[in-house]
Amino acid sequence: MSSFDHRQQPLKTGSLLLALLCAVVWSGQGIAVKLAVLELPPYLIVSLRHLIAIPFLFGWMLWTGSSFRLDPGKFCYVLMNALFVCISMLLFVFGTEGTTSSRSMILVNSFPLFSAVFCSLLLVDSRISIKQSISLLIAFMGVVLILYSPEESTLAGEILVLFSAAAIGLKVALVRYLLLKLESAPLVFWTTVLTSLICGILSFLFEHAEIKWNNAALLAVCYQGIMVSALGSMLWTSLLSRHNPHDLTPFQLLAPALGILAGVVFLSEPLTLRMILGSLCVLAGLGLVLQGKPRVAKVEDGLTE
C-alpha cells in the first residue's frame, strides 16, 4: 500500500477554512508583485521574498520535528529545483511588470496544464487521457483569448508570465520525481535558501540602480515572503498531508478567480468580455484536468502531490 493512502480524511470546517485562506493568500500575489516592481528591481524582489520566508520555514520545521539534514549526494537535486524556482519566479515578476495583475494571475495559474503535459512525457504511468486532452484544448483556447488583446500593449509581459507557468509546470514534474529521493520539508527549506542566495547574487551583479524603499514596496515584498512563500506553503503542505489532493482542487481554481477580482477592485484594472471568456475557459480546463488526476498518488509511479 502506498505511503500516501492515509490522506483520506474528509474536509471538515477547519480544513475548509485553511484551504480558503490559502486561496485568498495566493490571489494577492499579482497585486503584491505589481506594487513591488514600482520601486524595487526584480532579482532583489525574488531574493528578499525567499529570505523573509526562511525564518518562518525554519520554525515550521522545528515545530513539526522535520530534519534539516541533506545528504551531500542529493544537493544537486535541491540546486536543480532552486534554479527552476528562480527562473519561474523571475519570469513571473518581469512578466507581471509588463501586464495587469489580473491577466498575470490567470496565466500563471495555468501551470497545471503544463504539468499535465510534462508529467505525461517524463513520468511513468502519467499519460494524458482523452478527457484531459480536451480539457487542455479548452484551457489553451482561454489562454489565446487572454493573450489576444490588440487594444493593450501587454503581450510581451503576458508571454513571459506564460513561460513562467510552463517553468512551474516542469518544476512540478521535477518535484514529483525528487520527492522519491528527498523528504518534502528539507526540499522546500533548502530550495528557499538557495533561491534567495542565487537571486541575491544576481541582484548584486546586475542591479546597480538606486533602490527606492517605501512602505508600499516593503509591505508588498513582506506579503510575498510571509504570506505566500511561508504561510501558503506551510498550510498547503499540511492540508495535503491530511487530505486527498482531489478534494482540494476547487481551492486551486479559486485563487486565480480571486486574483482577477482583486486586480479590478484594488488596482482598477480593466475587465473586458474577452478577459472574462478567456478566464472561464482556462478555469474550466484546469478544473477538468485537476479532477482527472488519480485520487491516490503512487510513490512507485513517480506521482506525488
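The model is a predicted one, in which local features need pLDDT of at least 70 and side-chain atom pairs count only at pLDDT 80 or more, while totals for chains, interfaces and linings use all residues. Residues are numbered from 1 along each chain as its sequence is written, and side-chain values use heavy atoms, with hydrogens and water left out.

Helices here are DSSP runs (H or I, at least four residues), numbered from the N terminus. H4 covers residues 75–97, and its end C-alpha atoms lie 33 Å apart, in agreement with the 33 Å that 23 residues should span at 1.5 Å a residue; the expected span is 1.5 Å times one less than the number of residues.

Return to H4 and pick Leu83, which is partly exposed because its relative accessible area is 41%. From Leu83, draw a C-alpha to C-alpha distance to Lys171: the two are 9.6 Å apart in space and 88 residues apart in sequence.

Now select the largest nonpolar core, a set of 47 residues in which Ile106 and Leu107 have the most contacts. Its largest share, eight residues, comes from H4. Such a core is a set of buried Ala, Val, Leu, Ile, Met, Phe, Trp, Tyr and Cys residues joined through side-chain atoms within 4.5 Å. Apart from this core lies another, of 12 residues, among them Trp26, Trp236, Leu240 and Phe251.

Centre on Leu107 and show its contacts (heavy atoms within 4.5 Å). Leaving aside neighbours within four places in sequence, these are Val143, Ile146, Leu147, Glu158, Val161, Leu162 and Ala165.

Move to Ser15 in helix H1 (residues 13–27). Ser15 counts as buried because its relative accessibility is 9%. Beyond its neighbours within four places in sequence, Ser15 is in contact with Leu239, Arg242 and His243.

Finish at the surface with Leu197, Ile201, Phe204, Leu205 and Phe206, a nonpolar patch with about 570 Å² of accessible area together. Phe206, in helix H9, counts as exposed because its relative accessibility is 55%.

Technical notes. Helix = DSSP H or I, 4+ residues; strand = E, 2+ residues; numbered from the N terminus. Patch = residues over 30% accessible without salt bridge, like charges linked within 9 Å, V, L, I, M, F, W, Y side chains within 5 Å. Areas by Shrake-Rupley, 256 points an atom, 1.4 Å probe, with all protein chains shown as cover. Salt bridge = Lys/Arg side-chain N within 4 Å of Asp/Glu carboxyl O. Buried < 20%, exposed > 50% of the residue type's maximum accessible area, 1.4 Å probe, protein only.
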